[in-house]
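Here is a short briefing on one protein model. Keep the structure open while you read.

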Amino acid sequence: MRTDHLVSVRCLDGVGQRLVLRDAFGARAEIDPRVLVANPPLWHRLDEDARRSARRGSLTCGETALRRVSERIDRETAQTVFRMSGLE
């Protein structure tokens with residue numbers, strides 16, 4: 001899976017939410033967004049590569065799905081910081 005050559009990102013809702021990633025070479029991967037929340041370096045890599053793909057013009061479908069995941073990660077990170085700081 002080449003995240004720097006993404007062509008689509010879809011969000012599958014259901015019992016367990018999943019992001020479905022497809023690259024320009026036909027590879028497909030599914031990832032639980034909770035994995036990205038728990039692993040900021042992995043999220044950062046995916047986010048940067050998706051932005052690179054969008055600038056290149058290969059990412060034609062999925063910027064909305066990525067924005068939603070980004071908002072979720074930001075929200076959950078802020079909640080964790082507040083909880084750890086005793087500000088919850």
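Proline 40 counts as exposed, because its relative accessibility is 53% and exposed means over 50%. The model is predicted. Proline 40 belongs to helix 2, which covers residues 40-56.

- Threonine 77 sits 37 residues away from proline 40 along the chain. The C-alpha atoms of proline 40 and threonine 77 are 9.4 Å apart.

- Strand 2 takes in residues 18-23. Strand 2 and strand 3 form 4 bridges in the antiparallel sense.
- Leucine 21 has alanine 29, in strand 3, as its bridge partner.

**Helix 3**

- Helix 3 runs over residues 63-85 and has 23 residues. From first C-alpha to last, helix 3 reaches 33 Å. That is close to the 33 Å expected at 1.5 Å a residue.
- Which residues of helix 3 are buried? They are Ala65, Leu66, Val69, Ser70, Arg72 and Ile73.
- What covers these buried residues of helix 3? The cover includes strand 1, strand 2, helix 1 (33-38) and helix 2.
- Glycine 86 follows helix 3. The phi of glycine 86 is positive, near 75 degrees.

- Arginine 72 and glutamate 76 both lie in helix 3. They are 4 residues apart, about one turn of the helix.
- Their side chains meet in a salt bridge, at 2.9 Å from N to O.
- Is arginine 72 buried or exposed? Arginine 72 counts as buried because its relative accessible area is 18%, and buried means under 20%.
- Glutamate 76 has 24% relative accessibility, so it counts as partly exposed.

**Other salt bridges**

- Side chains of opposite charge can pair when their charged atoms come close.
- How many salt bridges does the structure hold? There are 8.
- Arginine 2 forms a salt bridge with aspartate 4. The closest N and O atoms of arginine 2 and aspartate 4 are 2.7 Å apart.
- Arginine 2 is partly exposed, because its relative accessibility is 39%. Aspartate 4 has a relative accessible area of 16%, so this residue is buried.
- Glutamate 30 and arginine 28 also meet through their side chains in a salt bridge, at 2.9 Å from N to O.
- Glutamate 30 counts as partly exposed because its relative accessibility is 42%. Arginine 28 is partly exposed too, at 42% relative accessibility.
- A network of salt bridges links Arg18, Asp32 and Arg34.

Definitions and conventions: Residues are numbered from 1 along each chain as its sequence is written. This is a predicted model: local features need pLDDT of at least 70, side-chain atom pairs count only at pLDDT 80 or more; totals for chains, interfaces and linings use all residues. Side-chain values use heavy atoms; hydrogens and water are left out. Helices (H or I, at least four residues) and strands (E, at least two) are DSSP runs, numbered from the N terminus. Buried means under 20% relative accessible area, exposed over 50%, partly exposed in between (1.4 Å probe, protein chains only). Two strands pair if DSSP finds at least two bridges between them. The expected span of a helix is 1.5 Å times one less than its number of residues. Contact means heavy atoms within 4.5 Å. A salt bridge is a side-chain nitrogen of Lys or Arg within 4 Å of a carboxyl oxygen of Asp or Glu.
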